[in-house]
Amino acid sequence: MRVDFVTKEYPPHIYGGAGVHITELVKVLRSRIDARVHAFGEPVSEQGTFGYQVPQELTSANGALQTMGVDLMIAQALDGSDLVHSHTWYANFAGHVGSMLHGIPHVVTAHSLEPLRPWKREQLGGGYELSSYIERTAYLGAKRVIAVSHGMRNDILRSYPDLDPSRVEVVYNGIDANKWQPVNDPDTVRELGVDPDRRSVIFVGRITRQKGLPYFLRAARELPSDVQLVLCAGAPDTKEIQQEVEDLVAELAQKRSGVIWIPEHLPQPKLAALLTQADLFVCPSIYEPLGIVNLEAMACGAPVIGTATGGIPEVVVAGETGWLVPIDQVQDGSGVPIDEDKFVSDWAQALNQALSSSQLESFGEAGRERAKQEFSWESIATRTIEVYQRALED
């Protein structure tokens with residue numbers, strides 16, 4: 001079986017969970033099937049992997065049009081494939097067009113949903129209407145849609161009520177627990193500006209509305225003074241949210257020591273060292289289909305506190321591997337809290353409860369065991385091939 005994967009992200013250009021997902025999935029699947037990768041960007045030196053750059057005529061166009069230009073080149077290159085598997089709206093257009101052009105099934109993995117990210121208008125302008133059109137068309141035309149959590153499946157069916165529920169299946173994201181494991185490296189931690197002898201709380205993620213970083217920074221005002229805040233946060237969606245985060249970080253830094261902001265994308269060993277050292281990992285997202293970052297933290301032995309939304313409760317088991325913060329959300333697609341002050345207050349209370357708990361170490365150990373047992377890429381690859389077989393049989 002030849003399966004062609006289409007993705008915007010692939011090494012060396014990874015900035016989010018979708019890129020991690022396809023990288024690890026393809027790595028396992030290549031021992032079982034003929035797996036080829038079509039990625040945005042310059043060609044890479046990996047057999048069966050091809051890179052595509054924006055056509056010169058579109059280099060100054062809206063970002064959504066640039067994406068469509070790349071996708072059309074990829075669609076042509078899918079000739080000879082048995083099935084195309086696309087990841088995120090950036091790749092969905094190539095999968096949908098390629099499916100029609102070559103008469104092959106199209107499988108989509110949903111890592112996020114455009115209707116639930118209306119703030120993307122800030123970044124894409126009119127391109128958001130194009131990205132929304134592409135995603136809807138691809139989902140309705142796909143043989144199978146893979147949701148990365150049951151919460152995500154519910155979101156898909158709510159966002160696209162015309163979609164046949166029998167074609168929407170759940171296959172979790174995964175984690176390589178051999179790669180992500182506790183790393184006791186205080187020297188690296190010090191080099192990154194963190195004192196390994198002080199308590200620390202760590203956030204890892206892009207600076208985007210869905211990650212909820214501003215809410216966490218407001219809640220962090222209530223943390224004990226000895227607790228360090230480690231923010232591995234970069235790739236802002238807009239200048240506005242970048243400025244908001246900068247202002248909140250500056251305010252915290254004026255009132256407390258140990259506010260460390262690392263904007264660059266850290267190599268995995270350094271990030272693992274920070275996660276291992278941390279007393280608590282935070283995931284304040286208001287939209288999170290699953291959250292690979294939570295799995296990475298758990299695999300490194302860090303207890304997790306996250307918002308009880310999306311797929312997070314399917315990863316973080318409250319009272320066993322961490323804590324969940326409740327949220328009542330506006331049902332207009334934005335996911336923002338109905339009462340932002342209450343959400344921030346609940347986060348502050350949960351943070352202090354977690355940091356004063358005697359179960360931090362045991363929760364961290366239970367989290368690593370859960371990541372190893374329930375989210376291995378080998379089992380996820382098996383489940384994905386089963387989805388392919390059903391798509392081919394339709």
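Hi everyone, let's begin with strand 4, helix 3 (residues 89-102) and strand 5, which make a right-handed β-α-β unit. Right-handed means that, with the strands pointing away from the viewer, the path from the first strand over the helix to the second runs clockwise. Helices (H or I, at least four residues) and strands (E, at least two) are DSSP runs, numbered from the N terminus.

This is a predicted model: local features need pLDDT of at least 70, side-chain atom pairs count only at pLDDT 80 or more, and totals for chains, interfaces and linings use all residues. Residues are numbered from 1 along each chain as its sequence is written, and side-chain values use heavy atoms, with hydrogens and water left out.

Now, who are the neighbours? Strand 4 pairs in the parallel sense with strand 1 (residues 2-7) over 5 bridges, and with strand 5 (residues 106-110) over 4 bridges; pairing takes at least two DSSP bridges between two strands. F5 stands opposite H85, while V84 stands opposite H106.

Is strand 4 enclosed or open? 5 of the 5 residues of strand 4 (residues 83-87) are buried, so this strand is largely enclosed by the rest of the structure. Buried means under 20% relative accessible area (1.4 Å probe, protein chains only). In a regular strand the side chains alternate between the two faces of the sheet. Here L83, H85 and H87 point one way, and V84 and S86 the other.

Definitions and conventions
Buried < 20%, exposed > 50% of the residue type's maximum accessible area, 1.4 Å probe, protein only.
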